Amino acid sequence: MKVWCCKCHREVEAELVGGMTLYPRRPESWNDKYYQCPHCLNYGLAQNFGGVWKPKAYIASPELRAERNRLHNLFDPLWKNSDHPNASRTGWYKYMSIGMRKGDDYEFHFGHLCSFKECKAAEKLIKKIYRKQGLKMPKELL
């Protein structure tokens with residue numbers, strides 16, 4: 001399947017591999033699937049949509065995946081723990097889409113951040129949300 005590789009800066013014919021291939025010592029990951037770039041060997045998570053495995057995230061280096069995860073973990077409490085009426089998951093993802101200048105019809109996804117520059121822009125928006133909502137800023141954002 002054609003998947004965007006952030007490291008190679010192009011679409012590649014990625015191979016669907018099992019978690020056992022990438023994480024042989026982590027049995028809890030053996031049932032997971034990933035799309036792996038044949039050139040740089042980086043990978044991105046795949047998801048089963050009605051019996052068809054599709055990319056859930058663009059292929060990225062370990063460092064970029066870690067940064068995406070860090071941002072995602074800082075973002076989730078905004079909608080999970082908020083009692084603000086406008087703090088819905090859908091609403092904040094829409095805010096991220098517009099703030100990242102992807103447009104109204106784009107559905108924001110942390111797995112689609114392709115560079116550290118894009119991650120920095122997303123982090124800036126997350127900080128803005130914390131400030132707007134009057135929430136205590138996590139130390140990772142200070």
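Start with R26: its charged end sits over the ring of Y23, 4.2 Å from the ring centre. By "over a ring" I mean NZ of Lys or CZ of Arg within 6 Å of the ring centre and within 35 degrees of the ring normal. R65 does this with Y43, at 3.9 Å from the ring centre.

A word on the source. This is a predicted model: local features need pLDDT of at least 70, side-chain atom pairs count only at pLDDT 80 or more, and totals for chains, interfaces and linings use all residues. Residues are numbered from 1 along each chain as its sequence is written, and side-chain values use heavy atoms, with hydrogens and water left out.

Now the rings. How many aromatic pairs does a search of the whole structure find? Nine. Rings of Phe, Tyr and Trp (its six-membered ring) pair if their centres lie within 6.5 Å; planes under 30 degrees apart are stacked, over 60 edge-to-face, the rest tilted.

Take Y23 and Y43. Their centres are 6.1 Å apart and their planes at 90 degrees, so the pair is edge-to-face. Y23 lies in the loop between helix 1 (19-22) and strand 4 (33-36), and Y43 in strand 5 (residues 43-49), so the pair ties together parts 20 residues apart in sequence. Helices (H or I, at least four residues) and strands (E, at least two) are DSSP runs, numbered from the N terminus. Y23 and Y43 are buried, meaning under 20% relative accessible area with a 1.4 Å probe, protein chains only; exposed is over 50%, partly exposed in between.

Next, F75 and Y93. Edge-to-face again: 4.9 Å centre to centre, 80 degrees between planes. F75 is in helix 2 (residues 62-80), Y93 in helix 3 (residues 89-99). Both are buried.
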